[in-house]
Amino acid sequence: MPSLKDLKNRIASVKNTRKITKAMQMVAAAKLRRAQEAAEAARPYAERMNAVMAGLAASVKGADNAPRLLAGTGSDKVQLVVVMTAERGLCGGFNSSIVRLARQRIAALQAEGKTVKVLTVGKKGREQLRRDFGNLLIDHVDLSEVRRIGYDNAQGIARSILKRFDAGEFDVATIFYNRFESVISQVPTALQVIPAKYDESDAPETGENTVYDYEPSEEEILADLLPRGVATQIFTALLENAASEQGARMTAMDNATRNAGDMIDRLTIEYNRTRQAAITKELIEIISGAEAL
Amino acid sequence: MATMQFDLVSPERMLASFEATAVEVPGAEGDLEAMPGHEPVITTLRPGVLRAHGAEGRKSFIVTGGFAQINGTSISVLAERAVAIEEATGTIMDELLEEARSLAEAALPEDKDAAQKLVHDVEMLRARV
C-alpha cells in the first residue's frame with residue numbers, strides 16, 4: 001500500500017503530464033489548421049496538372065517513342081520504395097501505419113524476387129526500417145529543419161529520385177504516405193509515381209472534344225511536364241502527410257489527456273481512501289486505548 | 001468586351017483568378033497573347049513576365065517555368081513559381097537567379113544548353129525589374 005506522500009507525488013506528476021499533453025494537443029490543432037489550408041491551396045495546381053497530364057498521356061499512349069517516365073523501362077525488376085514519415089513521434093499510429101504498409105510491400109516484392117531499394121523521408125520511418133531493411137536503405141531526406149513544407153522540398157526529393165531513374169538505378173518508384181481523411185482517420189497509401197500512372201477519367205471532360213495545339217511538340221511538352229508531375233505528386237503527398245501527422249497527434253494527445261484525467265481521478269480516490277483509513281485507524285487506537293484503562 | 005476566365009496557379013497557391021480580356025504569355029517558343037476565342041493551345045513557359053488585362057486594369061506576374069492551357073473561354077497558367085510584379089524585389093530575383101545557376105551547374109551535358117538558356121532568361125528578367 002503506497003503511503004499518502006507517494007500518492008500525492010503521483011497525482012502531481014500525472015497532473016503535469018496532463019498539462020503537457022493538453023498543450024501538445026492544442027499546438028497540433030493549430031498546426032493542423034495551417035497544414036489543411038496549405039493542402040487546400042495546393043489542390044487547384046495538382047488537379048489541373050493531373051488533368052493535363054492525363055490528356056497528354058492518353059494521346060501518346062502506345063507510341064513507340066513515349067517517354068520512359070510514362071512508359072517505364074520495360075522492366076520492373078528494381079523497385080524503389082519511398083517511405084514518407086514524420087520527423088517526430090508522439091503522434092499515435094501515424095508513423096507505424098506507414099511503415100507497416102511499406103514493410104508488407106517490401107516483403108511481397110522480395111518474395112517475387114525483385115530487388116528493392118528504400119529511400120526514406122523523415123527520421124521516424126528510417127529508424128523503424130533500419131532494423132529489418134538496413135541494407136536496402138539508399139538515401140534519406142531530412143526535413144527536420146523545415147518549418148513549413150514548400151514546393152522546393154518536394155522538388156528536391158523529386159530531383160534526387162529522377163536523377164537515380166536517369167542513371168538506371170531502378171525501374172519503378174512508389175511513394176508511401178498517409179492520406180488525410182479526417183482528424184481521426186488517416187489512410188496509409190501507396191502511389192506509383194514512376195512510371196507515371198494517370199487516370200484517364202481525370203482528363204478534362206470538355207464535351208466538345210477540344211483538340212489542343214501543342215507548342216512546342218507534344219513529346220517535348222510531355223518531357224518537360226513529366227518531372228514536374230512527379231514533383232507535384234510528391235508535394236501533394238508531403239502536404240497530406242503533414243496534415244495527417246498533426247491530425248494523428250491531436251487525436252493521440254486528446255486520448256492521452258483524457259487518460260491522464262481518469263488516472264488523476266482514480267489516484268485521488270485512492271488517496272482519500274488511504275487518508276480515511278489512516279484517520280479511522282488512529283481513532284480505533286485512541287478508543288481502544290481509553291477502554292483498556 | 002468579351003472576357004475569358006484567367007487562372008494563375010503555382011504549386012503552393014492560387015495567385016489570381018478573374019475575368020480577363022487578354023493575357024500575354026511568355027511561351028517557350030515566343031510570346032503570345034491570348035484573347036477570348038483563341039485557338040486551343042497548350043504551351044510551356046519560359047521565365048518571363050505574364051500580363052493579364054482585366055476589368056481592374058493590367059496585372060503583371062513574374063513566372064518561371066510551367067505551362068499554359070488556353071482555349072476559347074479560359075486560360076489556366078500553371079507556373080512553377082509565380083510572383084506578382086509588385087512583390088518581385090531584387091532579393092527574390094536574385095534567389096531565382098541563384099537557383100537557375102545552381103541548376104545549370106548540376107545539369108547533365110545534354111541539358112546544359114537549356115539550363116544556360118534558363119539562366120540567361122532569368123538574367124534578362126532581373127535586369128528589367
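Modeller: Start where the two chains meet. Between chain B and chain A, ten residue pairs are in polar contact, both residues having pLDDT 80 or more. A polar contact is a pair of N or O atoms within 3.5 Å; within protein, one must be able to donate a hydrogen and the other to accept it, and residues adjacent in sequence count only if both atoms are side-chain atoms.

Colleague: Which elements of chain B give two or more residues to the side that touches chain A?

Modeller: They are β1 (4-9), β4 (41-44), β6 (57-70) and β7 (74-84) of chain B. Helices (H or I, at least four residues) and strands (E, at least two) are DSSP runs, numbered from the N terminus.

Colleague: What should I know about the numbers themselves?

Modeller: This is a predicted model: local features need pLDDT of at least 70, side-chain atom pairs count only at pLDDT 80 or more, and totals for chains, interfaces and linings use all residues. Residues are numbered from 1 along each chain as its sequence is written, chains are lettered from A and ligands numbered from 1 in the order in which they are written, and side-chain values use heavy atoms, leaving out hydrogens and water.

Colleague: How many salt bridges are there between chain B and chain A?

Modeller: A salt bridge puts a side-chain nitrogen of Lys or Arg within 4 Å of a carboxyl oxygen of Asp or Glu. Here the count is two. One salt bridge joins the side chains of B:Asp7 and A:Arg48, at 3.1 Å from N to O.

Colleague: What area is buried between the chains?

Modeller: Buried area is the accessible area (1.4 Å probe) that two parts lose on being put together, summed over both. For chain B and chain A that is about 2,400 Å², and carbon and sulfur atoms give 60% of it. Contact means heavy atoms within 4.5 Å. By that rule, 28 residues of chain B touch 24 residues of chain A.

Colleague: Now a helix. How many residues has α3(A)?

Modeller: It has 18. From first C-alpha to last, α3(A) reaches 26 Å, close to the expected 26 Å. The expected span is 1.5 Å times one less than the number of residues.

Colleague: Which residues of α3(A) are buried?

Modeller: Buried means under 20% relative accessible area, exposed over 50%, partly exposed in between (1.4 Å probe, protein chains only). The buried residues of α3(A) include A:Phe94, A:Ser97, A:Ile98 and A:Ala102. The partners they pack against include β1, β2 (115-121) and α4 (123-133) of chain A.

Colleague: Is A:Ser97 buried or exposed?

Modeller: Buried, with a relative accessible area of 14%. A polar atom of the A:Ser97 side chain lies 3.0 Å from the backbone oxygen of A:Phe94. Leaving aside neighbours within four places in sequence, A:Ser97 is in contact with A:Asn178 and A:Pro188.

Colleague: What follows α3(A)?

Modeller: A:Gly113 does, with a positive phi near 85 degrees. A:Glu112 is in the loop between α3 and β2 of chain A. At 54% relative accessibility, A:Glu112 is exposed.

Colleague: Which peptide bond is cis?

Modeller: The bond from A:Ile194 to A:Pro195 is cis, with omega near -10 degrees. A:Pro195 lies in the loop between β5 (185-194) and β6 (213-215) of chain A.
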